[in-house]
Amino acid sequence: MLAEERPEIRVILAAPRGFCAGVRRAIDAVRDALAKHGTPVFVRRAIVHNLEVVRSLEAEGAVFVQELDEVPAGGVVVFSAHGVSPAILADAQKRGLIAYDAVCPLVAKVHREVERHQRRGRQIILIGHKGHPEIEGTLGHVSSVRKHVVNSVDEVENLPISSHEPAAYAVQTTYSVDDARTIIQALHLRFADLVGPASSDICYATTNRQAAVREVALQSDAIIVAGEQFSSNACRLAEVASAHCNNVQLVAGSDEIDWSGLPKSGVIGITAAASTPETSVQSILSALGARYRMIVEELGSGTETTVFKRMAIA
């Protein structure tokens, strides 16, 4: 299509977007392990929830497995940013594996919280999505008290706990800020003796990206969220955007865009999940540029300063 024939649109890029410090640290851990030990380096489950990242690391020599019994004795294995239970760590040691735990430090903080609460005899209530690897890993840190997972106010009401029993809650780091607030309020109404984290468990990157996409959605005719359907933080961004914009697409890359659903003019907002590389955003922009004359701007708070210390690969 000739440039003069393309309709004009305004594109707003949410800031911040894309990789967070925990994701960068986990990816660096795999690459550092490859540099130290050579190929293959095994990775239990997806290091982060993004297939482009996984495929890139596979090309560099990483081998992704579901469970430790797929790793040969003496092999090198990296655990994902989502965290694992102590039982998985113990199994790696039992099998004689060289293991590196690339858990996000903010997830590890939640692990320490629930361990502290169980030492004090409190039942543990996790606010999050059943089956998500972060929730499964956190549940594995609770062994001496009862543990529960809730994802709605109704599930809070149906918890098999007396309202007078001592309880504590923690929150999945990639959970919806708004949903967590509502569920926490319900927990406080339900329990007389309830404690929670001193500061929010929801990570800075999740909070910042949800706030940014909310601001962009309020000004947009359509929103494109770059991220995987199986990524919790990507899905939450799409949910937040949908509360303020009726036209939202969650796509892993430009090849998944539903072009018939985009406006012929107006404003298209773009954001990316914390596990999505900036290359995915640039691919989407290139695809848009082939169909529109674009005026591109960035909206939001911009640069994040949080940096996690690189893992020691010995």
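Is A290 buried, exposed or partly exposed, and what is its relative accessible area? In this predicted model, A290 is partly exposed, with a relative accessible area of 46%, and the legends below begin with the loop that holds A290.

**Figure 1. The loop between α10 and β13, seen around A290.** A290 is placed in the loop that connects helix α10 with strand β13. Although A290 and R6 are 284 residues apart along the chain, their C-alpha atoms are separated by 8.3 Å.

**Figure 2. The five-stranded open sheet, with strand order β11-β10-β12-β1-β13.** The five strands of this open sheet pair in parallel. Strands β11 (248-251) and β13 (293-300) stand at the edges and have a single partner strand each, so one side of each is left without a neighbour in the sheet. From one strand to the next, the twist averages 20 degrees. Strand β10 (residues 222-226) runs parallel to β11 and is joined to β11 by four bridges; within this pair, I224 has Q249 of β11 as its bridge partner.

**Figure 3. Helix α9 and its surroundings.** Nine of the 11 residues of α9 are buried, so this helix is largely enclosed by the rest of the structure. The buried residues are S232, N233, A234, C235, R236, L237, A238, V240 and A241, and they pack against helix α8 as well as strands β10, β11 and β12.

**Figure 4. The packing of helix α8 against helix α9.** Helix α8 (residues 204-217) and helix α9 (residues 232-242) pack at an angle of about 35 degrees, and their axes are 8 Å apart; the crossing of the two helices is right-handed. On the α8 side the contact is made by R209, Q210, V213, R214 and A217, and on the α9 side by R236, L237, V240 and A241. Sorted by class, the residues of this contact are five nonpolar, one polar and three charged.

**Figure 5. T206 in helix α8.** T206 lies in helix α8 and counts as buried, because its relative accessibility is 4%, under the 20% limit. Residues up to four places away in sequence being left aside, T206 touches T173, T174 and Y175.

**Figure 6. Helix α7 and the elements that cover its buried residues.** The 14 residues of helix α7 (residues 177-190) should span 20 Å at 1.5 Å a residue, and the end C-alpha atoms are 20 Å apart, which agrees with that expectation. The buried residues of α7 are V177, A180, I183, I184, A186, L187 and R190. An α-helix has 3.6 residues a turn, so residues three or four places apart point the same way. The cover over the buried residues of α7 includes the strands β6 (123-127), β7 (147-150), β8 (167-171) and β9 (194-195), together with the helices α6 (153-157) and α8.

**Figure 7. The four-stranded open sheet, with strand order β3-β2-β4-β5.** The four strands of this open sheet pair in parallel. At the edges stand β3 (62-65) and β5 (98-101), each of which has a single partner strand, so one side of each is left without a neighbour in the sheet. Neighbouring strands are turned against each other by 25 degrees on average, direction ignored. Strand β2 (residues 41-44) pairs with β3 in the parallel sense over four bridges, and V41 stands opposite A62 in β3. Helix α1 (residues 21-37) lies across β2, β3, β4 (76-79) and β5, and runs at about 155 degrees to β5.

**Figure 8. G137 in helix α5.** G137 is placed in helix α5 (residues 133-139) and is buried, with a relative accessible area of 4%. When residues up to four places away in sequence are not counted, G137 touches G83, V84, S85 and H111. G137 and N151 are 14 residues apart in sequence, and their C-alpha atoms are 17 Å apart in space.

Terms used
Residues numbered from 1 in each chain as written. Predicted model: local features only at pLDDT ≥ 70, side-chain atom pairs only at ≥ 80, totals over all residues. Heavy atoms only, no water. Axes fitted to C-alpha atoms, helices over the stretch in contact; angles between N-to-C directions. Left-handed = near helix turned anticlockwise from the far one by under 90°. Contact = heavy atoms within 4.5 Å. Nonpolar A, V, L, I, M, F, W, Y, C, P; charged D, E, K, R; others polar. Expected span 1.5 Å × (residues − 1). Buried < 20%, exposed > 50% of the residue type's maximum accessible area, 1.4 Å probe, protein only. Pairing = 2+ DSSP bridges.
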